[in-house]
Each structure stands twice: as structure tokens, then as C-alpha cells.
Amino acid sequence: MCQNNMNREVRAAGLIIFRRATSGVEYLLLQSSRKERHWTPPKGHVDPGENELQAAFRETEEEAGLQEEDIGVIEGFESVLKYTVNNRPKTVVYWAAELKNTTAPVVLSDEHVDFRWAGLAEACALAAFPEMVSSLQKCDTFLQDYLS
């Protein structure tokens with residue numbers, strides 16, 4: 001039974017939140033309070049009884065203080081990352097979401113120590129993980145068409 005649980009996939013979801021700035025599109029990244037101090041968009045585990053999108057909104061509110069009415073998911077973009085964490089397969093689904101309420105403050109939970117709105121190049125440098133960099137690049141390419 002324990003062995004079975006160890007192999008079960010971990011499911012997580014998040015939102016690649018962007019805002020329109022004079023310099024172009026900026027992405028919200030949060031810096032983890034864990035020792036690795038990695039940067040990612042808000043995301044977290046899918047709880048029993050909720051779907052991935054519900055989890056993405058819940059995690060965004062918990063981690064960044066942004067509520068569902070502050071952001072709008074953009075139809076047509078979804079990025080699925082698959083990797084292994086602690087010898088378990090993990091799948092993370094991200095959606096692109098625009099910050100609609102530009103006065104909504106980012107309020108971090110104790111899971112994060114910092115946040116940054118960053119253009120694509122800086123966001124990719126901060127994210128570092130190849131899968132996350134690829135997702136940000138795909139999102140940016142999608143948004144070039146969407147926003148024009």
C-alpha cells in the first residue's frame with residue numbers, strides 16, 4: 001500500500017498571471033520561502049473534490065492574495081508540465097490569466113518571501129527550470145497574438 005501511494009501522481013495547478021505595462025507584458029512570479037528560493041507563478045496541489053482550475057484560483061488567493069474577480073483566465077492557453085519530485089510523478093497545469101483589477105495588491109503568504117512583476121526575459125531568468133521557462137515562452141507567444 002505504501003509503495004502504491006509513493007507512485008501516485010501529484011497533481012497541481014496554477015495561473016501564469018500577467019499585466020499590461022508600458023514596457024509590454026509583465027508576469028507575476030513568487031519566490032519560495034523554501035531553501036531553494038525558486039521563483040514560480042502561484043500554484044499548488046489540487047485538493048480532493050476540486051478540479052485543477054478551482055485549485056489554481058484557490059492557490060492564487062492563498063499565495064498572492066489575488067481573488068478570482070481580480071483576474072481573468074484567457075481562453076485557449078493551457079500549459080501542462082510533467083516532472084518528478086521526491087521520486088513521484090508530478091503534473092502541473094497552468095492557465096494564462098490577466099490581472100483585471102490593477103489596484104489589487106499582491107499579498108504573500110508565508111510560503112513566499114518576495115514577488116516580482118517581470119518581463120519575459122527576466123521572468124525566464126528567475127524561473128530557471130527549463131519546463132517553467134518553456135511555459136512562460138509559450139504563454140508569451142500566445143499573448144502576442146491574443147493582445148494584438
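Tutor: Two strands pair if DSSP finds at least two bridges between them. Keep in mind that this is a predicted model.

Student: How many residues join E1 to E2 in the hairpin?

Tutor: The hairpin from strand E1 to strand E2 goes through 2 residues. E1 covers residues 10-21 and pairs with E2 in the antiparallel sense, over 4 bridges. Within that pairing, Arg20 has Val25 of E2 as its bridge partner.

Student: Which other strands pair with E2, and over how many bridges?

Tutor: Strand E7, residues 112-118, is joined to E2 by 6 bridges, and the two run antiparallel. Here Leu29 is opposite Arg116 in E7. Strand E3, residues 39-40, is also antiparallel to E2, with 2 bridges. In this case Leu30 is opposite Thr40 in E3.

Student: What should I look for in the phi angles?

Tutor: In most residues other than glycine, phi is negative. Arg37 has a positive phi, near 55 degrees, and is not a glycine. Arg37 sits in the loop between E2 and E3, a hairpin with 6 residues between the strands.

Student: Where is Asn87, and what is its phi?

Tutor: Asn87 lies in the loop between strand E5 (71-85) and strand E6 (88-99). Its phi is positive, about 65 degrees, although Asn87 is not a glycine.

Student: How exposed are Arg37 and Asn87?

Tutor: Arg37 has a relative accessible area of 38%, so it is partly exposed. Asn87 is at 66% relative accessibility and therefore counts as exposed, since the cut-off for exposed is over 50%.

Student: How are two packed helices described?

Tutor: The description uses the angle between their axes and the distance between the axes. For helix H3 (residues 120-127) and helix H4 (residues 130-146), the axes come within 8 Å and cross at roughly 160 degrees. Angles over 145 count as roughly antiparallel, so H3 is roughly antiparallel to H4.

Student: What is the handedness of the crossing, and which residues meet?

Tutor: H3 and H4 cross in the right-handed sense. From H3, the residues Leu120, Ala123, Cys124 and Ala127 meet Met132, Val133, Leu136, Gln137 and Asp140 of H4. Sorted by class, this contact has 7 nonpolar, 1 polar and 1 charged residues.

Technical notes
Residues are numbered from 1 along each chain as its sequence is written. This is a predicted model: local features need pLDDT of at least 70, side-chain atom pairs count only at pLDDT 80 or more; totals for chains, interfaces and linings use all residues. Side-chain values use heavy atoms; hydrogens and water are left out. Axes are lines fitted to C-alpha atoms, for helices over the stretch in contact, and angles run from 0 to 180 degrees between N-to-C directions. Angles under 35 degrees count as roughly parallel, over 145 as roughly antiparallel, 65 to 115 as roughly perpendicular and the rest as oblique. A crossing is left-handed if the near helix is turned anticlockwise from the far one by less than a right angle, and right-handed if clockwise. Contact means heavy atoms within 4.5 Å. Ala, Val, Leu, Ile, Met, Phe, Trp, Tyr, Cys and Pro count as nonpolar, Asp, Glu, Lys and Arg as charged, and the others, Gly among them, as polar. Buried means under 20% relative accessible area, exposed over 50%, partly exposed in between (1.4 Å probe, protein chains only).
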